[in-house]
Amino acid sequence: MNLSLAGFQDAFISALYGKDPESLPVLTEQSGFLVYRNTVMKGASDALLANFPTVERLVGTEWLQAAAARYVRQFPPTDARLLNYGKGFPDFLDAFEHARDLPYLGNVARIDLLWNEAHGAKDEPALDVTAFAAIEPELLASVRLKLRATARWKWFAEQPAYTLWRCNREQIDVPAELDWVSEGVLISRSTTFIAWYPLSIGECAFLDACAANLPLEDAAEYATRAEPELDLMNMLSRLIAANVFAAQ
Amino acid sequence: MKTLNIAAIAIALSSVAAGSVMAAEKPAAMEKCYGVSMAGKNDCKAGAGTTCAGTSKTDYQANSWKNVPAGTCTSIKTPNGHGTLEAM
């Protein structure tokens with residue numbers, strides 16, 4: 001065997017995920033290697049279960065472990081930080097034949113993902129609301145509000161994804177008569193906790209516009225166009241209270 | 001329309017600034033969020049990737065699929081009916 005270190009590492013990874021088991025017989029023939037491989041697989045699978053606790057409550061541990069085993073083999077981790085593992089899991093669930101009767105599972109997983117992103121996002125100072133409120137009204141229109149990386153939101157068309165997620169996250173019963181309507185979610189991390197809120201389509205449009213670095217005037221325009229009856233005052237109070245805006 | 005929007009925002013801002021909405025969040029400019037649990041609100045798992053599985057026997061191949069969802073999904077009614085209890 002005469003491999004460079006990088007060559008050995010590539011062959012090791014390849015053997016680990018069973019892509020090319022013959023590449024390193026001296027390694028793969030050792031019984032210890034099977035233990036190593038199993039531990040890696042189990043670590044990745046456990047990470048998925050830890051990262052998608054709401055999905056786990058919906059389908060049960062055994063089902064999720066079996067689905068995770070498939071996902072891990074198909075999409076092994078590419079980042080050593082397992083907190084980031086499973087970005088493709090919602091899409092996987094959408095396409096998963098055994099989840100066909102659970103069409104909301106992918107979206108519930110998407111909200112778990114938003115939670116993880118808010119959880120792991122970089123710290124940023126919050127907007128100084130007092131200073132912001134002191135801006136002259138005529139200048140306000142052109143202000144561009146920045147959003148903190150700890151704020152994540154998403155709109156789900158034709159699915160009560162937020163209600164399904166929230167009930168299972170909070171470990172309460174899903175209402176028996178569930179309205180099958182579109183819902184949005186906002187997840188935002190504050191100093192000591194992560195909070196979630198329902199979000200209307202106009203509020204989602206407003207946050208999307210702010211994220212696209214549009215001035216306040218345009219963001220408000222987008223929001224009211226998406227939702228003509230939207231109460232901008234109420235929206236802004238809610239968003240400020242949810243701590244979504246970053247310091248200017 | 002636009003003028004109206006901005007007027008509403010200006011009023012919202014002044015009322016927010018005058019009120020106590022942001023009182024909860026002051027200095028702590030740099031914040032840490034360790035210990036926020038992933039699952040429920042109070043339980044605490046060690047975190048992703050901390051399992052040590054000293055065995056080669058557990059089957060992570062999952063070639064056969066005998067699993068049926070056994071969580072709360074069975075009680076959720078979609079426009080197309082309940083989640084299935086039968087193996088497919």
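Q: What follows α11(A), and what is its phi like?
A: After α11(A) comes A:N213, with a positive phi near 65 degrees. Elements here are DSSP runs numbered from the N terminus, helices being H or I of at least four residues and strands E of at least two. This is a predicted model, in which local features need pLDDT of at least 70 and side-chain atom pairs count only at pLDDT 80 or more, while totals for chains, interfaces and linings use all residues. Residues are numbered from 1 along each chain as its sequence is written, with chains lettered from A and ligands numbered from 1 in the order in which they are written.

Q: Where is A:N213 found?
A: In the loop between α11 and α12 of chain A.

Q: Is A:N213 buried or exposed?
A: A:N213 is exposed, because 12 other C-beta atoms lie within 10 Å. The cut-offs are 20 or more other C-beta atoms within 10 Å for buried, 12 or fewer for exposed, and partly exposed in between, with C-beta atoms placed from the backbone.

Q: And α11(A) itself, how many of its residues are buried?
A: Eight of its 11, so α11(A) is largely enclosed by the rest of the structure. They are A:G202, A:E203, A:C204, A:A205, A:F206, A:L207, A:A209 and A:C210.

Q: At what angle do α11 and α12 of chain A pack?
A: About 155 degrees, with the axes of α11 (residues 201-211) and α12 (residues 216-226) of chain A 7 Å apart. Axes are lines fitted to C-alpha atoms, for helices over the stretch in contact, and angles run from 0 to 180 degrees between N-to-C directions. α11(A) and α12(A) are therefore roughly antiparallel. The angle classes are under 35 degrees for roughly parallel, over 145 for roughly antiparallel, 65 to 115 for roughly perpendicular, and oblique for the rest.

Q: Which hand is the crossing of α11(A) and α12(A)?
A: Right-handed. That label applies if the near helix is turned clockwise from the far one by less than a right angle, and left-handed if anticlockwise.

Q: Which residues meet there?
A: From α11(A), A:I201, A:G202, A:E203, A:A205, A:F206, A:A209 and A:C210; from α12(A), A:D218, A:A219, A:Y222, A:A223, A:T224 and A:A226. By class, nine are nonpolar, two polar and two charged. Nonpolar covers Ala, Val, Leu, Ile, Met, Phe, Trp, Tyr, Cys and Pro, charged covers Asp, Glu, Lys and Arg, and the others, Gly among them, are polar. A contact needs C-beta atoms, placed from the backbone, within 7 Å.

Q: Switching to α3(A) and α5(A). How do their axes cross?
A: At roughly 125 degrees, coming within 9 Å, for α3 (residues 31-51) and α5 (residues 61-74) of chain A. The two are therefore oblique to each other, and α3(A) passes α5(A) in a right-handed crossing. The contact takes A:M41, A:A44, A:S45, A:L48 and A:L49 from α3(A) and A:L64, A:Q65, A:A68, A:A69, A:Y71 and A:V72 from α5(A). Nine of these are nonpolar, two polar and none charged.

Q: What about A:Q171, where does it sit?
A: In the loop between α10 (161-169) and β2 (183-189) of chain A. A:Q171 is not a glycine, yet phi is positive at about 60 degrees. With 13 other C-beta atoms within 10 Å, A:Q171 is partly exposed.

Q: And A:A99, buried or exposed?
A: Buried, because 23 other C-beta atoms lie within 10 Å. A:A99 is in the loop between α6 (89-95) and α7 (105-120) of chain A. Beyond four places in sequence, A:A99 contacts A:L93 and A:L105.

Q: How is chain A divided into domains?
A: Into domain 1 (1-102) and domain 2 (122-248), with bounds from an automatic or database domain assignment. Their C-alpha centres lie 35 Å apart.

Q: Last one, chain B. What elements has it?
A: One helix and two strands, running α-β-β from the N terminus. Of its 88 residues, 18% count as buried.

How values were computed
Contact = placed C-beta atoms within 7 Å.
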